[in-house]
Amino acid sequence: MKPEYEYGEVVRVVRNIRDDGTFPGKQRGDLIVRKGSTGYVRDVGVFLQDQLIYQVHFIDEDLIVGCRSQELISADEPWVESEFEFGDWIRAANHLAIKGEIIAEAGTEGQVMSVRRDLDPILYEVLFRDRMLLVPASAICWPPEAERTEEAIC
């Protein structure tokens, strides 16, 4: 495994980072770093022998946080705000079909696997059961049980 980011490189988190129960002084689910924040890579380590973890110092928050590769982009890359991020659990806002065949019925839960910020408009790769679909934000929404303050629920 070769790290994407090196010591001292400025990176940006592409999703809100919340406590998974391991951050000192925080409670599980507490917001640690807001998406879009930038920090400096201090170190790179390995978790479970197959995941690179970057130790990132977020100066504005004065916090050092472990981040996975998919949670980071180079700070030099253009930042495009998006409603959903990698790992978010969402649901289909309406029936999603390919050539008339319904792949995901309205309300079907799925998970965002990537955010295609390189496309205009932004599209989301979402895994619905065993199918990966590339969908616009208008095709997905937050599940009703999601405790959100900033995001709309459909």
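Q: Over how many bridges do strand β12 and strand β13 pair?
A: This is a predicted model, in which local features need pLDDT of at least 70 and side-chain atom pairs count only at pLDDT 80 or more, whereas totals for chains, interfaces and linings use all residues. Residues are numbered from 1 along each chain as its sequence is written, and side-chain values use heavy atoms, with hydrogens and water left out. Strands are DSSP runs (E, at least two residues) numbered from the N terminus, and two of them pair if DSSP finds at least two bridges between them. Strand β13 (residues 131-136) runs antiparallel to β12, and the number of bridges is 6.

Q: Which residue takes a positive phi in the hairpin of β12 and β13?
A: Phe128 stands opposite Arg131 of β13. The hairpin has 2 residues between the strands, and the one with a positive phi, near 50°, is Arg129.

Q: How many aromatic pairs are counted?
A: Rings of Phe, Tyr and Trp (its six-membered ring) pair if their centres lie within 6.5 Å; planes under 30 degrees apart count as stacked, over 60 as edge-to-face and the rest as tilted. By this rule the count of aromatic pairs is 3.

Q: Why is the pair of Phe84 and Tyr124 classed as it is?
A: The ring centres of Phe84 and Tyr124 are 5.4 Å apart. Their planes stand at 85°, so the class is edge-to-face.

Q: How many residues apart in sequence are the parts that Phe84 and Tyr124 tie together?
A: Phe84 lies in the loop between β7 (72-74) and β8 (89-92), whereas Tyr124 belongs to strand β12 (residues 123-128). The pair therefore ties together parts whose separation in sequence is 40 residues.

Q: Is Phe84 buried or exposed?
A: Buried means under 20% relative accessible area, exposed over 50% and partly exposed in between (1.4 Å probe, protein chains only). The relative accessibility of Phe84 is 0%, so Phe84 counts as buried.

Q: Why is the pair of Phe84 and Trp142 classed as it is?
A: The ring centres of Phe84 and Trp142 are 4.8 Å apart. Their planes stand at 45°, so the class is tilted.

Q: Is Asp62 buried or exposed?
A: Asp62 is in the loop between β5 (51-58) and β6 (63-68). Asp62 has a positive phi of about 50° although it is not a glycine. Its relative accessibility is 58%, so Asp62 counts as exposed.

Q: What is the omega of the peptide bond from Asp120 to Pro121?
A: Pro121 is in the loop between β11 (109-116) and β12. The bond from Asp120 to Pro121 is cis, with omega near 5°.

Methods:
Helices (H or I, at least four residues) and strands (E, at least two) are DSSP runs, numbered from the N terminus.
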